[in-house]
Amino acid sequence: MSVNLIHRIIVQRVERLSPGMVRIVFGGDGLDGFVSTEVGDEYFRVFFPTEGQHEPNLPFPTDDGYWDFPEGVEPAPMRTYTVRGWDAAVGELTIDFVVHDGGVAAAWALHAKPGDVVGVNTPKGLYDPPADIEWQLLIADATGLPAAARLAENAPSGIRTRVVLEVPTSEDELDLTPAEGVELHWVHGGNGHAPTRIEEILRASDLPRGPGYVWVAGETKATRGVRKHLRHELKLPASAYKVIGYWTENAEAWRERYESLDESIHARLMAMWDDDTRAAEDIEEAYEAELEKLGL
């Protein structure tokens, strides 16, 4: 079982990269023992302080690889983010935050300053292409941009790599330095400002012959159509793609609707993931189909 540590990290520097993105570099002794997977889209939980707190109530790691909060302690608000960079030589961790009105994480990032404190756990990567690929296609909206950028910067030599990034406007394009030979394209729209074009981008892509890998990150409902296209229309094996829902449009309303479901429905949805007789992609597809039926 993998070790899951909790790290107390301190803001060192804050930089506004674009109207919609803030880069925060963290340091501090709490990063002692931090272990990166070195996978470009590795992610972790970020624990934030509540209003009036200087730093969050952090959980403690448990023997089963998860974490828990001490009895009587209010759990810290938690959101999922990807690692933009980890410099082990100087002990600095970089996270790029998409910022907007509302939301615990965005509100914190917009006002972050050196000395502020959050917590993170041990990261885990998702990007996992087969060893024999000859090409890869990476598609992401602004929330997946930090991971896609890191993947593009570390694209393997000799692998034809095409990256398409959807950001709200031209002002949200960043000065990236992908590896030599990587083909980078920007499109504008989506991201809560207009309908996303992620599925359209995928369908319009002329995938090369030979073994390849498709990685897509974006709004949760939009990625459902992406996954169906890859699995059922292109008939790619599960090992040939990774599709990740990074955020949900109108998340607060979605969460309220989900939490208002009858307890029996919650139990049925959770039980789906315990079925070890079905492949993971079958369970995920069935789970999402149930959410769609419930209007979620």
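**Ground rules**

I am working with a predicted model, in which local features need pLDDT of at least 70 and side-chain atom pairs count only at pLDDT 80 or more, while totals for chains, interfaces and linings use all residues. I number residues from 1 along each chain as its sequence is written, and side-chain values use heavy atoms, with hydrogens and water left out.

**Aromatic rings**

I began with rings of Phe, Tyr and Trp (its six-membered ring), which pair if their centres lie within 6.5 Å; planes under 30 degrees apart are stacked, over 60 edge-to-face, and the rest tilted. I got eleven aromatic pairs by this rule. I then looked at Tyr81 and Phe97, whose ring centres are 4.7 Å apart with planes at 50 degrees, so I noted a tilted pair. Tyr81 sits in strand S6 (residues 78-82) and Phe97 in strand S8 (residues 92-98), 16 residues apart, and the pair links these distant parts of the chain. For the element names I rely on DSSP runs numbered from the N terminus: helices (H or I) have at least four residues and strands (E) at least two.

Are these two residues buried or exposed? Tyr81 and Phe97 are buried; that term means under 20% relative accessible area, with exposed over 50% and partly exposed in between (1.4 Å probe, protein chains only).

Next I followed Phe97 to Trp108: their ring centres are 5.9 Å apart and their planes at 50 degrees, so this pair is tilted. Trp108 belongs to helix H1 (residues 104-110) and Phe97 to S8, so the pair ties together parts eleven residues apart in sequence. I found Trp108 buried, as is Phe97. Ring pairs join Phe26, Phe48, Tyr81, Phe97 and Trp108 in a cluster.

**Nonpolar cores**

I looked for nonpolar cores, meaning sets of buried Ala, Val, Leu, Ile, Met, Phe, Trp, Tyr and Cys residues joined through side-chain atoms within 4.5 Å. The largest has 26 residues, and those with the most contacts inside it include Ala140, Leu165 and Trp215. Two or more residues of this core come from each of strand S10 (135-140), helix H2 (145-153), strand S11 (160-167) and strand S13 (212-219). H2 gives the largest share, six residues. Apart from this core I noted another, of 22 residues, among them Val46, Tyr81, Phe97 and Val99.

I found Thr223 in helix H4 (residues 220-233). Its relative accessibility is 1%, so I count Thr223 as buried. Leaving out residues up to four places away in sequence, Thr223 touches Gly218, Val243, Ile244 and Gly245 (contact means heavy atoms within 4.5 Å).

Where does Lys235 lie? I located Lys235 in the loop between H4 and strand S14 (241-247). At 65% relative accessibility, Lys235 counts as exposed. From Lys235 to Val35 I noted 36 Å, C-alpha to C-alpha, and 200 residues in sequence.

**The cavity**

What lines the largest cavity? I listed Arg224, Arg227, Lys228, Glu285 and Glu288. H4 gives the most to this lining, with three residues, and H4 and helix H7 (280-293) each supply at least two.

Note on methods
1 Å grid on protein atoms, 1.4 Å probe; cavity = no way out; pocket = protein on both sides within 12 Å on 5 of 7 lines; lining within 4 Å.
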